[in-house]
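Let's take a walk through this protein together, one spot at a time. Keep the 3D view open and follow along.

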Amino acid sequence: MKKSNETNALSDELVEQHVAEEKISAEEVNEIMAKYDRESAVRIFSGNKALLVKLLLVAFTVFAVAINTVLHLNAQVHRTTFIAFVLFLAYLLYPAKKDAPKNTNKVPLLDMILAFASAGSFLYMGINYEQLVAQAGNYTQIDIAVAMVAIVLLFEACRRVVGTPILIVVGCFIAYAYFGNMIPGTFGHRGFSIQRIATHLYFTTEGIIGTPLAVCSTFIFLFILFGAFLERTGVGQFFIDIANSIAGKMTGGPAKVAVISSALQGMITGSSVANTVGSGSFTIPMMKRMGYRPEFAAAVEAAASTGGQIMPPIMGAAAFLMAEMTGIPYSNIVIAAIVPAFLYFSGIMIMVHLEAKRYGLKGLPAEEIPNFFKLMFSYWYLLLPLIVLVTMMMTGYTPARSALVAIVVAIVVSMFRKETRMSPHTFLDALEGGARNIIGVAIACSVAGCIVGIVTLTGIGLKLAGGLLSLSGGNVLLALFFTMIASIVLGMGVPTTANYVIMATITAPVVLKLGIDLLPAHMFVFYFGIVADITPPVALAAYAGSAIARSNPLKTGVQATKLAIAAFLIPYVFALNPSLLLVGSTPIQVISVTITAFIGMFGVASAVEGYLFANMNPVIRVIALVGGLMLIVPGVATDVIGIALIVLVMAFQKARSKKANSASSCGNCNA
């Protein structure tokens with residue numbers, strides 16, 4: 001007996017040691033963020049310089065709130081002043097090289113010069129706005145020189161803060177505008193001089209200071225500030241605890257906890273990578289401890305975190321931008337996103353469940369699971385800011401007013417309990433956090449505005465749509481497939497909001513040309529732009545997850561793509577059958593298409609996982625896949641065939657499972 005106790009004690013000690021080894025320190029989290037999330041690779045200041053930087057960031061937040069509330073500036077002055085402040089902070093905080101020492105506590109002279117030059121180049125437009133309007137396009141040499149300097153400095157700031165993928169896309173578009181006269185055929189045009197391109201992108205509201213920056217400096221900024229205040233109330237941990245209380249006991253509980261918590265946090269963070277690292281530092285070690293393979297654990301977190309960007313009611317701030325760019329009311333967009341988001345996360349949940357069943361993975365121990373009712377009773381008030389935000393938006397209030405009221409509510413509800421109460425220091429931290437978090441988004445939106453500007457200047461959007469339609473031979477599915485590939489490529493390494501701007505400008509017109517309605521078209525390209533974060537070779541969210549799990553990055557990316565198979569199928573469903581988006585449909589149609597799509601997801605997920613009640617052989621996997629895909633295509637005949645095939649697979653697998661269990665029981669009896 002004593003020996004047994006010693007063995008158990010030793011076993012417990014080894015488990016504790018293993019768990020300790022798997023934990024991710026704050027320093028490691030910061031390193032991973034800096035590596036895979038360009039916006040996190042900032043200089044770290046100390047002493048008086050840290051205080052000065054903090055005051056500058058707080059001042060920027062106060063200024064940005066003021067121009068959205070009490071300071072009513074002209075649109076051009078509003079936007080140029082906003083981006084000038086952003087660029088000044090960008091050069092102050094972000095070093096020229098990603099691997100440059102962060103704790104130097106100083107800013108190189110060159111970066112200070114660039115900070116003032118970039119801010120000055122955009123303030124030039126705001127200060128001289130009336131004179132520039134009076135010139136009616138007759139720009140002086142000084143005007144042209146300032147425009148060129150401003151664009152170059154914006155691009156350099158983008159390289160530092162956001163990364164190079166979006167710059168490569170913009171560079172290709174600018175090259176297209178310049179060399180148009182050398183391009184034969186449909187895509188050729190007369191070509192534009194560098195001066196013409198620069199002035200169009202800089203001075204007009206169809207370029208840098210266009211709609212993307214306009215939305216960023218108003219709705220998106222206030223939403224990000226709201227997220228910063230909400231984070232200080234402890235709502236992130238609350239989401240994880242709620243997910244734990246709901247799914248912790250289930251088969252494969254830790255992975256299901258990751259899916260639920262990441263869905264909730266992802267809609268607020270607006271960044272797949274930030275969400276992956278933030279919640280993944282807790283969920284990934286927990287999944288590994290319960291027996292999940294490292295690649296699978298990292299992939300679950302990455303896929304769920306990426307899905308947070310399509311999770312209503314916030315959708316990583318893209319919902320506000322989509323409402324502005326399409327003219328569709330926010331309430332309609334949020335309602336339309338509910339069923340696809342449900343199917344996306346259902347697909348991940350199904351695959352997580354099947355993985356857990358295959359390897360016999362259990363839920364978390366009861367002592368590690370918080371009580372749901374006790375949690376809700378103690379911290380229900382943390383949800384009030386979100387409820388207020390959504391209610392106001394759904395009842396017709398502007399996003400700006402809704403966000404401002406929600407911020408006030410977040411501050412008030414934080415006072416309800418000591419552990420969530422905001423102190424003056426926490427309040428200032430939230431103001432600072434809002435400023436830090438908007439820098440990358442604002443720069444990305446400004447650069448994305450350049451793409452919009454080139455599209456309007458050259459008309460390439462319609463030409464690209466015509467070219468893809470011609471390549472597809474008029475086949476709708478083939479045209480959608482080509483659009484999917486284009487959206488994934490263009491979305492690689494691009495933040496959520498800028499990602500949507502690019503998709504709405506370049507690939508959405510292709511889908512619209514197919515006769516598909518406006519909302520399904522924009523949702524289609526948005527989905528595929530988002531999944532670029534988990535699609536190799538530039539799967540930043542998956543690679544960030546792999547760094548935490550210490551797994552193979554490429555294998556993690558492939559696994560995350562498999563887990564997110566719903567994101568590759570659902571857009572085809574609502575593009576071909578808008579009932580899934582609740583567009584012009586009856587309740588019966590919505591229920592019908594949701595059920596068939598869910599069954600289809602079940603068939604595809606089991607085929608991809610290769611397991612249902614037992615391991616599948618290749619033939620059964622193909623049958624399950626075909627059955628699932630048949631249910632993706634709208635139509636009575638395809639639905640009947642698809643359901644029949646999946647029922648056949650289930651019956652076969654169930655019989656095989658019973659046979660295997662019987663054989664195992666007999667073997668145990670003989671033993």
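Ser402 counts as buried because its relative accessibility is 0%, and buried means under 20% relative accessible area, with exposed over 50% and partly exposed in between (1.4 Å probe, protein chains only). You'll find Ser402 in helix α19, residues 399–413; helices here are DSSP runs (H or I, at least four residues), numbered from the N terminus. Skip the neighbours within four places in sequence, and Ser402 is in contact with Leu389, Met392, Met393 and Tyr397, where contact means heavy atoms within 4.5 Å.

A quick word on what you're looking at: this is a predicted model, where local features need pLDDT of at least 70 and side-chain atom pairs count only at pLDDT 80 or more, while totals for chains, interfaces and linings use all residues. Residues are numbered from 1 along each chain as its sequence is written, and side-chain values use heavy atoms, with hydrogens and water left out.

Now for the nonpolar cores, meaning sets of buried Ala, Val, Leu, Ile, Met, Phe, Trp, Tyr and Cys residues joined through side-chain atoms within 4.5 Å. The largest one has 218 residues, and Phe82, Tyr202, Tyr344 and Ile443 have the most contacts inside it. Helix α20 (residues 424–458) gives the most to this core, 18 residues. A second, separate core has eight residues, including Ile260, Met290, Leu364 and Ile369. Back to Tyr344: beyond its neighbours within four places in sequence, its contacts include Ala303, Ile310 and Ile570.

Last stop: Arg550, in the loop between α25 (540–549) and α26 (553–563). Arg550 counts as partly exposed because its relative accessibility is 46%. Its phi is near 60 degrees, a positive value in a residue other than glycine. Most residues other than glycine have a negative phi.

Methods: Helix = DSSP H or I, 4+ residues; strand = E, 2+ residues; numbered from the N terminus.
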